Amino acid sequence: MKEQTLGEFEELVLLMVAALHDEAYGVSILEHLEREAGRKANISAIHVALKRLEQKGLVVSRYGGITGDRGGRRKKFYVVTAFGKKALDQQYTVRTSLYKQIPDISFAKG
Amino acid sequence: MDTLPKLPIRLLRWFCKVEYLEEIEGDLVELYELRAATSVKKARRRLFWDVICSFRPTNIKSFPLTNPVMNTLYNYTKVYFRRFRKDLAHYAVNTLGLALGFVVLFFILLYVSDEQNLDAHHSKSSRIYRVLEKRTSDEGQVQHFSSTANPLGPALKAEFPEVEEAARMIYLGSGALKYGENQFSDRNYAFAEKSIFQILDFNVVAGDPLQSFGGEVAIALNQSTARKLFGDQDPVGKLVDMPGKLSDVEVIAVYEDLPYTSTYQFNTIYIFRFEKFPQNFSGWFASWDSRGMTTWVLMKENTRPADVLAKKAPFMEKYFAEDVRGYHDFYFQSITDMHLGSSHLDHYGTEPLPTIAYGDRSFVSIILLIGVFVMVIAGLNYINLSSVQSLKRSLEAGIRKVNGANATQLKVQLFYESFITLLIAYGISLALVVALHPFFLELAQKSIPVADAFRMEILGYHAVIFVAIWVISAIIPALYYASANRSLVLVKNVFVGKGEVLRRSFVVVQYGISICLIVGSIVLYRQLEFVQSKDLGFSRDQLLTLDINSGAARAKATQIIAALKSSANVVNASTSSRVPGEWKYIPSAGLSVDRTHEPVMATHYAADQNWLDTYGMTLSKGRNFSGSDAADTLKVLLNEKAVEMLGLENPVGQTLWVSEDTVSKMTVIGVVKNFHFESLHKPLGPVVITSCNNPVLGIDYFTVKYSQNTAEVIAHMEEVQKQFDPETPAEVNFLDERWERYYKADQARSSLILVATIISIIISTFGLFGLVNFTAERKTKEIGIRKVMGATVAEIMSIVLKDYLVLLLVALLLATPLAWWMLERWLADFAYRIDLSIFTFAFAFVAVLLVSFVTVFARVFRLARLNPVVSLRYE
């Protein structure tokens, strides 16, 4: 099978799902993205990213219970799968190892 | 707590996949509730936006076709495209041929509509007329001019209550503009009265052309000229010069560049108060026996020019002296007729230059006819091929019938499929129209923006053509379906053989049109070739002309010629009143041996002694001018035609009465071999040449014959001009370019026709290929049997080819007289023309024959070579 790649935004959403463990659904991800990553997105972009992640098997979803909020509509919660966690780990390792290779010299003014 | 807006939610529910709906809707509602806490209005807006953002392919549900009609059409579409893939060659050829036909017709429609709508953009165009004059000379020669008697305009306005406004304009030779150091020549101007701004449409963007001003003249510029002259500065109020003519003229208005639909696209209008015109001119401007001004009138609402013409007699008597009345009979031409209705006009030289040269009504009809021809070829093709195709599909029809379809449904299917093909072809043609638009403009010498190809009027024509082809192409096979209604069974080729006569007659028509178009193109090209290669009696290569635009240059002509000759690259230089190819009125003079006979009217040139050598003209008798004033005055040269018409036995030494404004007795010193200085549309006439030292006719041009280094020679000429006449910018022209102007329109037209012809032949070949393909499929078995019986490949080929040969012969028989008649009419317009030759027709015949044989051969040869075992097993 062709190795699946993660888009930048997808990776961000996946991280957020992992971080929000068990509390990750559309609106909460949107809010945390804005608050913690300073990233403004449209809710539908998050929906699409979640669908893709689910298709790739990186997250799984379940419906929450019916509450008075949201006009009685259930929330759909997302959790990272073991495969998803592995993908994140791999991504992390690659980046840290690369980060460590940065020579300790002064940088050109950009 | 406010309520949730319903509309966006309903929209979301409509398009969103059910399995995603709860999540998306829930999140949107939650967000809405959060946002509504701060601002309800904003929250509503954001909700709506979120819904729109959610309209993504991932979220959209599939819409099942529950509607039976949609379902059927879906099935038809699917079957159509399946067959398209299976029978790719056939469908591609069919669709492409049709698209090509559309493209040709659409371009021609665009061309014709542009030709017919020129100058129709003026808001008062239905009331604007140009006054034309008919001059009947004492010898009975009739000429029409757009230059009228100068005082005609104001008099028309004063005498006739029907005339709401009148304006006069005039062109007085080459012009230029100068502001500070910035100077360029500008021939595209008119001197006009300010009322022209009340008659024609000008979009004034700065200043006011109607304001009163001191002095006799002010200037209105178009935007491009204003930018060229002043850059970013504000033009209004600036003083500019017209070198050699006017100085310190105030710019009082700037108007938008006139639209591409204007015959006249003036860069500059010198607003004149002609009554204040200076010195020596004013008498001429007031004279009723003058010719110069172009006169415009604006008629009042609900009046017609006929109302004025009805009261013309007393007007003529009042203003025109009896002896000049015949020279100035006037009539009106609607501004919208100006472009196509001016081919009868003679050039006088004081008309402002039309930016778009006058057109030719008969060519518009010809090109429209060709467009229709090409479309007929493409249409017949399509009808033939699609009927053949649908007949081949009787098996499918049978199965549909067995499954319960009735005849009407089968016909609907035919119409529907035809519609899809047409739609694809139409789509392709529109794309091609956009893509080929620059090429078309180049070819047609036009400047029509591409958006104009999609004007409502033109789209209307598209729709008519589309529907006509659609209905006709579908109705023919539909009729077969109807007649075979009951017996329609599961047999593969039940219809094969039907409509054979119709198809054959279509092929005959196509062949006929192709032959007509080929013959037409050949004759057109041969005629133009003939005209261009005809020995003109002078050499037009390596000649440059320099206009004489001022008295200063005219007075120093001898020194200027000497200076021009000083360059090593200049072989010869001369001066004359006119040069070949110039569209300026060439004056005539009357010639008579004794004053008792009617004079022979001859074209009159004035020239110096270098003129004949410069142009490579030769004397057949006598001698040239000597170059000394005293010896040359009262001496003339004649051309051979003039000698012949005067009936002179010994022309040299003969005395002649030459009458122009005055009558003088002159002596013939030489005879020049005939030369053509004017378009070959005109027959060769008698010519008289007087010396340039003679005061009768002024000189207007220098001509330089050079050997090499064109750029250097031009620079040298400009230098000489600057030296002797620093006021006026030099106007240098290549003589052969000017000469070609006579045939520019002809050339543009013939290339249009040629391209249309080539495309029509391509389309015909497409059609033939499709038909042959069909015949081949049908005859597969027959050919197999023939081979088994011992027929050779050649014999089999000849059976099929013979079929088409017969059709082609019939077409030739029908097309020949038609093409002959039309081309005779076209050629009648040329004074020097080729004769129609039977070989042209033979050539066209052979060309079509070859193309169709190659087509037939390519398909049938394969079949004829086939092992009969294979072909017998077919079906």
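Predicted model: local features only at pLDDT ≥ 70, side-chain atom pairs only at ≥ 80, totals over all residues.

Reader: Start with the contact. How many residues does it take from chain B and chain A?
Author: Chain B gives 21 residues, and chain A gives 21 residues.

Reader: And how much area do chain B and chain A bury between them?
Author: About 1900 Å². Carbon and sulfur atoms account for 50% of that. On the chain B side, Glu22(B), Glu23(B) and Asp27(B) supply 33% of the area buried against chain A.

Reader: What about polar contacts across the interface?
Author: There are 12 residue pairs in polar contact, with both residues at pLDDT 80 or more.

Reader: Which elements of chain B give two or more residues to the side that touches chain A?
Author: Helix H2 (18-36) and helix H3 (40-53) of chain B. H2(B) gives the most, with 14 residues.

Reader: How does that side of chain B split by class?
Author: It has 10 charged, 8 nonpolar and 3 polar residues.

Reader: How does strand S8 of chain B pair with S10(B), parallel or antiparallel?
Author: Parallel, over 4 bridges. S8(B) covers residues 217-222. Ile219(B) stands opposite Val251(B) there.

Reader: And strand S7 of chain B, parallel or antiparallel to S10(B)?
Author: Antiparallel, with 3 bridges. S7(B) is residues 204-207. Gly207(B) has Ala253(B) as its bridge partner in S10(B).

Reader: Which way does strand S9 of chain B run against S10(B), parallel or antiparallel?
Author: S9(B), residues 239-242, runs antiparallel to S10(B), and 3 bridges join them. Met242(B) sits opposite Leu246(B).

Reader: What is going on with Gly244(B) in that hairpin?
Author: Gly244(B) takes a positive phi near 85 degrees. The hairpin of S9(B) and S10(B) has 3 residues between the strands.

Reader: Further along, why is strand S17 of chain B called largely enclosed?
Author: Because 7 of its 8 residues are buried. S17(B) runs over residues 600-607.

Reader: Which way does strand S16 of chain B run relative to S17(B), parallel or antiparallel?
Author: S16(B), residues 588-592, is antiparallel to S17(B), with 4 bridges. Gly590(B) stands opposite Met601(B).

Reader: And strand S22 of chain B, parallel or antiparallel to S17(B)?
Author: Parallel, joined by 5 bridges. S22(B) is residues 687-691. Tyr605(B) faces Ile689(B) as its opposite in S22(B).

Reader: Last one. Where is Thr261(B) found?
Author: In the loop between S10 and strand S11 (268-272) of chain B.

Reader: Why does Thr261(B) count as buried?
Author: Because its relative accessibility is 14%, and buried means under 20%.

Reader: Which residues does Thr261(B) touch, leaving out those up to four places away in sequence?
Author: Asp114(B), Leu118(B), Asp119(B) and His121(B). With His121(B), the side chains are joined by a polar contact of 3.0 Å.

How values were computed: Residues numbered from 1 in each chain as written. Chains lettered and ligands numbered in written order. Heavy atoms only, no water. Contact = heavy atoms within 4.5 Å. Buried area = accessible area lost by both parts, 1.4 Å probe. Polar contact = N/O pair within 3.5 Å; in protein donor to acceptor, adjacent residues only side chain to side chain. Nonpolar A, V, L, I, M, F, W, Y, C, P; charged D, E, K, R; others polar. Pairing = 2+ DSSP bridges. Buried < 20%, exposed > 50% of the residue type's maximum accessible area, 1.4 Å probe, protein only.
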